[in-house]
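Subject: Handover of a structure

Dear colleague,

Please find below the sequence and structure that I am passing on to you. A summary of what was found follows directly after.

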Amino acid sequence: MFDTIIVGAGPTGMTAAIYASRRMMKALVISKNIGGQVIWASDIKNYPGIEFIGGVDLINKMRQQVKDLGVDIKIDEIRKISKNSDKSFLVEAGKNSYLTKTVIIAMGLEPKQLNLDKENELTGKGISYCANCDGPLFKGKNVAVAGGGNAALDAAEVMSKIASKVYLIYRKSQLKAFESLILAVKNKNNVEMILSSEIREIIGDEKLKKLKIVSNISQEIRELDVDGLFVEIGHEPKTDLVADLVERDTLGQVIVDLSGKTSCDGVFAAGDVIQSEFKQIVIGCGQGAVAALSAYKYLQVGK
Ligand SMILES: Cc1cc2nc3c(=O)[nH]c(=O)nc-3n(C[C@H](O)[C@H](O)[C@H](O)COP(=O)(O)OP(=O)(O)OC[C@H]3O[C@@H](n4cnc5c(N)ncnc54)[C@H](O)[C@@H]3O)c2cc1C
């Protein structure tokens, strides 16, 4: 029986683990990966005390700190969390299940998908959600970027230096990124902007071969030969697995009070997954600390 199980090893979960261990709680972190979104952040310049650090370096420091404090991190996907009649929780991950007195949900956000056929099948076989991570795999190739915000424009800019040709495909007529970024991408002679257009079909068997795109104005269909597609259309919480456990808002964000308490006694939440306007590393770390201290208090006084 654990005192707390922390779902997610992003900065929020890592901080919760640090605080739980310093309160001598028997804690376990279970996460699909180490680092969450931070591994996609190539230059972090707003983490207090550190002028500049890459996301991977920052998360490695947090991981080492968690390890040194004696908290295990298991790499697995949590599929179900249920409350037992004795108020403990059963956490099911892969083939294993764990009992815990409290749960800290630090599941963060996941990249939004286009929800097209073959998208999951060809993820990692041409389709990627991170140009900064996977960009170098497409050196000298033709790629497309889906999206029209800062992340998409940034991906197009990064890929213009690596790929031979970059198509930027956006469903609206106006991009919604910083002007400077739009200008930088417009000035690249190997980037073709295809606005007011959507990807209709992903084509390829073993790997991505083509994209069928349709103009939202003329309905004209065009096929693009591409080896890579970067889907950069934002992030969203994927919290269906806790839908029966805690109250969520219409976006799927977990609703908490100022102590990180959810609608279910013994379950706390923090970081990007909660209903909050601002989502940043330092905010998640602060909320992760609050959630762990609240879980400790709950164990001491029963609520
Ligand atoms: C490209 C990019 C650049 C950024 N740059 C900055 C920056 O410079 N400065 C800044 O402050 N912020 C930045 N951010 C935002 C910052 O990364 C997030 O605010 C922060 O990572 C949130 O931390 P988190 O731990 O709450 O969630 P996440 O980082 O999303 O981590 C959630 C973790 O939960 C795991 N998880 C989810 N579901 C399950 C499940 N069912 N079972 C097991 N594990 C699960 C995930 O695998 C992941 O490890 C950036 C984000 C992006 C995408």
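A residue is called buried if 20 or more other C-beta atoms lie within 10 Å of its own, exposed if there are 12 or fewer, and partly exposed in between. N115 has 7 other C-beta atoms within 10 Å, and therefore counts as exposed. Please note that this is a predicted model, and that the residues are numbered from 1 along the chain.

Overall form

The protein contains six helices and 17 strands. Its radius of gyration is 21 Å, close to the 19 Å that the globule rule gives for 303 residues, so the protein is as compact as a globular protein of that length. The C-alpha trace spans about 65 × 40 × 35 Å along its principal axes. Of the 303 residues, 41% are buried. Among contacts with a separation of 6 or more, 60% are between residues 24 or more positions apart.

There are two parts to the division into domains: domain 1 comprises 2-109 + 237-301, and domain 2 comprises 127-231. Between the C-alpha centres of domain 1 and domain 2 the distance is 34 Å.

The surroundings of the ligand

The shell around the ligand consists of 32 residues, of which G8, G10, G36, G108 and G271 are the closest. Two or more residues each are supplied by strand 1 (2-9), helix 1 (11-22), strand 2 (27-34) and helix 6 (281-301). Strand 2 contributes the most, namely four residues.

Helix 1

Helix 1, one of the elements that contribute to this shell, is made of twelve residues. From its first C-alpha to its last it reaches 17 Å, close to the 16 Å expected at 1.5 Å a residue. Is helix 1 mostly covered or mostly uncovered? Helix 1 is mostly covered, with ten of its twelve residues buried. These buried residues are P11, T12, G13, M14, T15, A16, A17, I18, Y19 and A20. Their cover includes strand 1, strand 2, helix 2 (55-68), strand 6 (96-105) and helix 6. After helix 1 comes M24, which has a positive phi, near 60°.

A106 and its contacts

A106 is located in the loop between strand 6 and strand 7 (110-111). A106 counts as buried because it has 33 C-beta neighbours inside 10 Å. Apart from neighbours within four places in sequence, A106 is in contact with I6, V7, G8, G10, T12, G13, A16, A270, G271, V273 and G288. A16 stands 90 residues from A106 along the chain, and their C-alpha atoms are separated by 8.7 Å.

Most residues other than glycine have a negative phi. Which phi values do N115 and S196 have? For N115, a residue other than glycine, phi is positive and near 60°. N115 lies in the loop between strand 7 and strand 8 (127-128). S196, likewise not a glycine, has a positive phi of about 50°. S196 belongs to the loop between strand 11 (191-194) and strand 12 (197-203). With 15 other C-beta atoms within 10 Å, S196 is partly exposed, whereas N115 is exposed.

Yours sincerely

Terms used: Predicted model: local features only at pLDDT ≥ 70, side-chain atom pairs only at ≥ 80, totals over all residues. Near = placed C-beta within 6 Å. Expected span 1.5 Å × (residues − 1). Contact = placed C-beta atoms within 7 Å. Domains from an automatic or database assignment. Rg over C-alpha atoms; globule rule 2.2 N^0.38 Å.
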